[in-house]
Amino acid sequence: MHKWYMLTLVGQDRPGIVAGVTAALYEGGCHLGEASMMRLGANFTIMLMVRPDGDLRSLTQLVAPVAESMGLHCHVDAIEGDLHQHVLPDVRVTVCGADRPGIVATVTGALAEAGLNILDLESDVAGTDQKPIYIMQIEGVAREGAEALESALRIVAQAQGIEAKLSAIDTLIG
Amino acid sequence: MAVLEILTYPDERLKRLSRPVEVFDEALDGTLCDLEQTRRAGPGTVGIAAPQVGCFQRIVIVDVSGARKVSRHHGHLVLINPEIIHWEGLAVGREGCLSVPDYTGNVVRAERITLEAADARGLRQRYEMDGYEARAVQHEIDHLDGLLFIDRLVSRRNDLFRRKVYQQVPEQ
């Protein structure tokens with residue numbers, strides 16, 4: 001029985017990485033599932049669900065040469081889970097402010113305590129070296145309702161001197 | 001009355017252009033009943049368009065009254081030969097579709113619309129609507145023109161639209 005593996009690749013970004021890696025996987029008989037590629041601090045990063053023909057060893061042997069030729073670190077994990085396991089988020093939290101240590105830990109700590117299950121998090125440091133600003137967007141499920149999150153967020157935003165906004169995600173099924 | 005089979009992507013028929021309804025008769029009533037049954041059979045489905053069940057007529061049903069946190073709406077709407085005659089504002093919202101199972105994505109829609117459509121008896125009606133209901137109507141009218149929400153996807157990320165930074169030209 002074929003199962004899924006999580007392939008992680010990290011390295012200096014340059015054009016053609018996705019095409020090169022996925023060509024090797026395709027030619028090696030792999031199926032691809034969900035994937036998320038991002039450029040973080042000029043680095044190429046991707047996490048990719050791969051269902052190979054063979055086992056972990058043969059997948060690693062397939063990927064290692066192409067990863068090396070592109071200067072990428074490569075990591076493969078056997079994973080539980082499958083496709084079609086999507087969970088719909090019902091809230092979005094946007095946080096911004098002057099960048100300083102501790103924003104993510106305090107904000108997500110307060111939100112976790114108020115029942116938030118994070119499904120998606122993206123953050124960025126913008127502004128300049130002298131005046132960096134931190135912007136974070138979170139989507140998740142409010143397991144104890146949006147009001148609990150709202151009051152937790154208000155308290156932590158005030159304590160941290162940052163701006164935080166919670167909005168509902170009402171997915172329309174038509 | 002019957003729950004009809006929903007056509008799902010990549011069925012080519014979802015790309016077909018639907019024709020206007022010209023006769024308001026018992027057959028139309030039957031189609032409307034089946035469509036409503038089929039909409040109700042879907043989990044939390046706020047709208048349905050006739051081409052989703054392989055009937056290529058310009059018929060849409062929208063009812064957002066059961067959706068949470070939707071305060072302004074017109075209840076159960078049968079919209080035949082609908083036309084958006086005015087729109088204002090743009091908003092990003094997340095959509096899914098019976099015809100595209102297991103996927104949701106962000107789509108930009110007009111925030112407020114003025115809509116003209118015939119009702120089930122063929123009488124032309126005019127509606128002013130906004131927000132969630134306006135989004136649902138736009139989603140369904142797209143089906144009549146052979147379009148799905150996945151034809152209109154925008155980035156899942158970067159809701160805060162970044163301003164483009166232009167390099168300043170140094171003064172001579």
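Hi everyone, let me start in the middle of things: the largest nonpolar core here has 22 residues, and those with the most contacts inside it are B:V46, B:V64, B:L79, B:L115, B:M129, B:Y132 and B:V137. Please keep in mind that this is a predicted model.

Where does that core come from? In chain B, at least two residues each are supplied by β2 (59-62), β3 (77-97), β4 (100-118), β5 (124-130) and α2 (131-144). The element that gives the most is α2(B), with 6 residues.

What does B:Y132 touch, once we leave aside its neighbours within four places in sequence? From its own chain, B:Y132 is in contact with B:V46, B:V64, B:A67 and B:V70, and from chain A with A:D170, A:T171 and A:L172.

Now over to chain A and its sheet. You'll find an open sheet of 4 strands, in the order β2-β3-β1-β4, with antiparallel pairing.

If you'd like to look at one pair in particular, take β1 (residues 5-12) and β4 of chain A: they pair in the antiparallel sense over 7 bridges. On β4(A), the residue opposite A:L7 is A:V76.

Two helices of chain A pack on this sheet. The helix α1(A) touches β1, β2, β3 (43-51) and β4 of chain A, and its direction makes about 20° with that of β3(A). The helix α2(A) touches β1, β3 and β4 of chain A, with its direction at about 165° to that of β4(A).

And how do these helices meet each other? The axes of α1 (residues 17-27) and α2 (residues 56-69) of chain A come within 10 Å and cross at roughly 150°. That crossing of α1(A) and α2(A) is right-handed. On the α1(A) side, the contact is made by A:G20, A:V21, A:A24 and A:L25, and on the α2(A) side by A:L59, A:L62, A:V63 and A:V66. Sorted by type, the residues of this contact are 7 nonpolar, 1 polar and no charged.

Definitions and conventions. Residues are numbered from 1 along each chain as its sequence is written. Chains are lettered from A and ligands numbered from 1 in the order in which they are written. This is a predicted model: local features need pLDDT of at least 70, side-chain atom pairs count only at pLDDT 80 or more; totals for chains, interfaces and linings use all residues. Side-chain values use heavy atoms; hydrogens and water are left out. A nonpolar core is a set of buried Ala, Val, Leu, Ile, Met, Phe, Trp, Tyr and Cys residues joined through side-chain atoms within 4.5 Å. Buried means under 20% relative accessible area, exposed over 50%, partly exposed in between (1.4 Å probe, protein chains only). Contact means heavy atoms within 4.5 Å. Axes are lines fitted to C-alpha atoms, for helices over the stretch in contact, and angles run from 0 to 180 degrees between N-to-C directions. A crossing is left-handed if the near helix is turned anticlockwise from the far one by less than a right angle, and right-handed if clockwise. Ala, Val, Leu, Ile, Met, Phe, Trp, Tyr, Cys and Pro count as nonpolar, Asp, Glu, Lys and Arg as charged, and the others, Gly among them, as polar. Two strands pair if DSSP finds at least two bridges between them.
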